[in-house]
Amino acid sequence: MSVVKINVLTVPAEQREALEQRFGARAGLVEAADGFEWFELLRPVEGTDQYLVYTRWRDEDAFRAWMEGPMKAAHQGGGSGERARPAATGSEVWSFEVAQQAAPKTD
Ligand code: HEM
């Protein structure tokens, strides 16, 4: 089964717009990564004020390969290689295995 890796971002209220704009202009490289299955930027509404960067992968190896290569390019933030000042003040990664899943019926 797939694995889910969630990057949990602490974002000060005044930085939210900047964060969303940065994701709006994101590199778009992850879509091409082997074993990539899904991405969502989740904006907090209730229960937390942390943004979640939800990613889903075929397996641990696929995630690791992305982290060791394309992930770095996708996090350059544009410009001359030095990362622009991050909008988030903190981050941590949560890891899950997909234990069960369902999708809507198609018929
Ligand atoms: C130091 C911790 C991290 C911070 C502060 C951070 C923040 C960001 C920001 C602001 C962007 C938008 C593009 C940019 O401005 O560079 C981005 C892109 C992205 N981040 Fe992170 N990130 C971190 C680590 C991670 C990790 C560990 C994951 C994996 C779960 C992840 C998943 C993604 C994905 C999938 C994208 C889109 C890349 C693409 O379109 O190719 N990030 N991140």
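**The sheet and its surroundings**

Tutor: Among contacts in the chain between residues at least 6 apart in sequence, 71% join residues at least 24 apart; a contact here requires C-beta atoms, placed from the backbone, to lie within 7 Å. The model is a predicted one, in which local features need pLDDT of at least 70 and side-chain atom pairs count only at pLDDT 80 or more, whereas totals for chains, interfaces and linings use all residues. Residue numbers start from 1 along each chain as its sequence is written.

The chain contains three helices and four strands, and from the N terminus on these elements follow the order β-α-β-β-α-α-β. Along the principal axes, the C-alpha atoms of the chain fill a box of roughly 45 × 35 × 25 Å. Of the 107 residues in the chain, 9% are buried. A residue is called buried if 20 or more other C-beta atoms lie within 10 Å of its own, exposed if 12 or fewer do, and partly exposed in between, with C-beta atoms placed from the backbone.

The four strands make an open sheet in the order β2-β3-β1-β4, with antiparallel pairing. At its edges are β2 and β4, each of which pairs on one side only. From one strand to the next, the twist averages 15 degrees. Helix α2 (residues 60–68) packs on the sheet, where it touches β1, β2 and β3, and its direction makes about 40 degrees with that of β1. Such angles run from 0 to 180 degrees between N-to-C directions, the axes being lines fitted to C-alpha atoms, for helices over the stretch in contact.

Two strands are said to pair if DSSP finds at least two bridges between them. In general, strands of a sheet pair through backbone hydrogen bonds, either parallel or antiparallel. Strand β1 is joined to β3 by eight bridges, and the two run antiparallel; here V8 stands opposite L52 in β3. Eight bridges likewise join β1 to β4, again antiparallel. In this pairing K5 faces S95 in β4, and T10 is opposite G90 in β4. The antiparallel pairing of β2 and β3 extends over six bridges, with F36 opposite W57 in β3.

The C-alpha atoms of E40 and G90, which are 50 residues apart along the chain, are separated by 19 Å. L41 has its place in β2 (residues 36–42) and is partly exposed, since 16 other C-beta atoms lie within 10 Å. Apart from neighbours within four places in sequence, L41 is in contact with F23, Y51 and V53.

With neighbours within four places in sequence left aside, L42 is in contact with Y51, L52 and Y54. L42 and V53, 11 residues apart along the chain, have C-alpha atoms separated by 6.2 Å. In a regular strand the side chains alternate between the two faces of the sheet.

The ligand is surrounded by 22 residues, of which the closest are R22, R26, L29, V30 and A74; a residue is near if its C-beta atom, placed from the backbone, lies within 6 Å. The elements giving two or more residues to this shell are β1 (3–10), α1 (16–24), β3 (50–57) and β4 (90–97). By class, the shell has 13 nonpolar, six polar and three charged residues. Ala, Val, Leu, Ile, Met, Phe, Trp, Tyr, Cys and Pro count as nonpolar, Asp, Glu, Lys and Arg as charged, and the others, Gly among them, as polar.

Finally, the loop between β1 and α1 holds A13, which is exposed because 7 other C-beta atoms lie within 10 Å. A13 and R64, 51 residues apart in sequence, are 31 Å apart from C-alpha to C-alpha.

Terms used. Two residues are in contact if their C-beta atoms, placed from the backbone, lie within 7 Å.
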